[in-house]
Amino acid sequence: MSTQQAAPQREAARTRKAVGNILKGSAGNLVEWYDVYIYTAFSAYFASHFFSSKDPLQSNLEAMAVFAVTFLMRPIGSWFFGRYADRKGRKAALTVSVTMMSAGSFAIAILPTKDVIGGWALVLLILIRLIQGFSVGGEYGTSATYMSEAATAKRRGFFSSFQYVTLIGGQMLALLVLVILEQALGKEALTGWGWRIPFLIGGVAALIVLWLRRSMEETISAEQTAAATAPAGGEAQPGTLKLLFTKHWRSLLICIGVTLGGTVAFYTYTNFILSFMQNTSGIAKETSSQINFWALLIFMCLQPVYGMISDKVGRKPLLLWFGILGVLCTWPLLSALGGTTDPFVAFLLMMGGLLIVGGYTSINALVKAELFPSSIRALGVGLGYAIANSLFGGTVPLVGAALQKAGQVEVFFTYVTVAIGISLLVYLFALKNKNSTHLDEEQGSAFGSPRADDNSRADDQDSVSA
């Protein structure tokens with residue numbers, strides 16, 4: 001068979017392999033983020049079992065404080081799992097993280113309340129959430145790295161967008177379970193015992209993913225694994241903070257800057273907005289849950305579309321779309337949402353915000369992965385994301401709830417706008433479009449003509465897989 005005839009077959013084989021690996025990797029991402037979001041989705045129903053306040057706003061504030069505290073573990077989880085993934089492999093790290101998340105969900109599902117064990121109920125809840133925060137800290141960076149490395153060169157934007165498809169899918173699944181249980185059980189039963197059901201579902205789903213991930217293919221080379229265990233000498237080993245801080249500190253700072261505004265906007269429009277509709281707009285819980293579900297469903301389906309666009313025009317134009325429109329439209333959108341009780345208008349306003357945020361969510365994992373070489377990618381991506389997410393993204397529900405209670409929601413609008421503006425400066429001055437990246441050098445060119453060694457590398461990879 002001629003080289004010209006064999007090329008399409010090689011490309012088809014690489015695509016099939018990429019699809020299989022990304023499905024297995026993204027399934028775990030879906031379950032981990034479902035487990036994260038069921039806490040906030042059901043907090044209004046279980047808060048009375050762990051927090052003493054009778055004021056719904058104060059109780060919500062306390063519940064969101066616990067949510068924010070778990071983000072403090074994300075940098076630690078990102079360091080641990082990033083180092084582990086860069087030294088032992090992506091597959092091993094992803095398997096450990098989903099196991100921990102499963103254990104945490106089962107623990108919350110059977111956790112005694114304050115009526116049974118008093119203050120220890122809250123202590124145990126916080127401890128379990130800290131463990132889950134540690135797990136998610138490792139999941140993001142490792143899954144972002146794995147999906148970017150497993151994707152084919154010309155479709156990296158499309159394939160890597162499935163990280164946020166599953167991340168959003170996790171939240172949408174949590175909302176779907178919320179809507180179903182609200183309709184099936186009613187408020188009294190859901191508050192009494194039904195809130196345990198979604199945590200039980202999360203634990204079982206994580207066990208299924210653990211089984212699926214056994215057949216994932218590894219994306220790091222044997223040479224990298226060997227280098228990680230070899231005597232260090234004078235060189236920094238793969239997956240170490242020494243390597244990150246001495247040779248890739250600038251990329252780490254860019255990663256934090258890329259994430260800052262995006263994570264604030266994402267948590268505003270997908271997480272905090274649920275309580276914003278209920279407590280500021282005055283929309284009923286059941287109605288706001290349905291609005292969020294349908295808006296997130298559309299948002300999730302749009303991620304691969306944004307990813308495909310980035311494969312044509314580059315990553316930077318989509319980030320600029322998010323940054324510029326985010327700065328201009330945050331105030332008008334949130335202000336209008338706070339002043340309406342019409343469910344359809346609220347849906348349109350939420351959808352407008354999500355269409356803007358999609359420029360960030362769809363490609364942010366890939367943009368960060370392209371900043372680092374394989375030897376430090378999982379650690380660099382995970383730690384950069386976790387630092388920005390812990391300080392800014394994870395505190396959005398807490399900051400928003402506190403300003404709601406103080407009657408200063410306009411200050412929150414300004415906070416979100418400023419955060420997006422800071423990231424916009426990074427997009428403008430620290431990133432270039434369609435330049436050769438570390439992923440291009442390792443696995444083939446995403447834009448322009450393939451380099452001469454790309455086909456030979458593909459042949460080698462196919463031979464190893466066979």
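Q: How much space lies in the largest cavity?
A: In this predicted model, the largest cavity holds about 50 Å³ of space. The count comes to 2 cavities of 30 Å³ or more.

Q: Which residues line the largest cavity, and which helix gives the most to that lining?
A: The lining consists of Val36, Thr70, Arg74, Met101, Arg129, Gln132, Gly133 and Val136. Helix α6, residues 120-150, gives the most, with 4 residues. By class, the lining has 3 nonpolar, 3 polar and 2 charged residues.

Q: What lines the second largest cavity?
A: About 40 Å³ of space lies in the second largest cavity. Its lining includes Ala265, Tyr269, Phe322, Thr330, Leu333 and Ile420. Helices α12, α14 and α15 (343-361) each supply at least two residues, and α14 gives the most, with 5. This lining divides into 8 nonpolar, 3 polar and no charged residues.

Q: How are two packed helices described?
A: In general, the description uses the angle between the helix axes and the distance between the axes. Here, α12 (residues 249-281) and α14 (residues 316-338) pack at an angle of about 5°, and their axes are 11 Å apart.

Q: Why are α12 and α14 classed as roughly parallel?
A: Angles under 35 degrees count as roughly parallel. The angle here is about 5°, so α12 and α14 are roughly parallel to each other.

Q: Which residues of α12 and α14 meet?
A: From α12, the residues include Gly261, Ala265, Tyr269 and Phe276. From α14, they include Phe322, Thr330, Leu333 and Gly338. The residues of this contact divide into 9 nonpolar, 7 polar and no charged.

Terms used: Residues numbered from 1 in each chain as written. Predicted model: local features only at pLDDT ≥ 70, side-chain atom pairs only at ≥ 80, totals over all residues. Heavy atoms only, no water. Axes fitted to C-alpha atoms, helices over the stretch in contact; angles between N-to-C directions. Parallel < 35°, antiparallel > 145°, perpendicular 65-115°, else oblique. Contact = heavy atoms within 4.5 Å. Nonpolar A, V, L, I, M, F, W, Y, C, P; charged D, E, K, R; others polar. 1 Å grid on protein atoms, 1.4 Å probe; cavity = no way out; pocket = protein on both sides within 12 Å on 5 of 7 lines; lining within 4 Å. Points joined across faces, edges and corners; volume = space filled by probe spheres on them.
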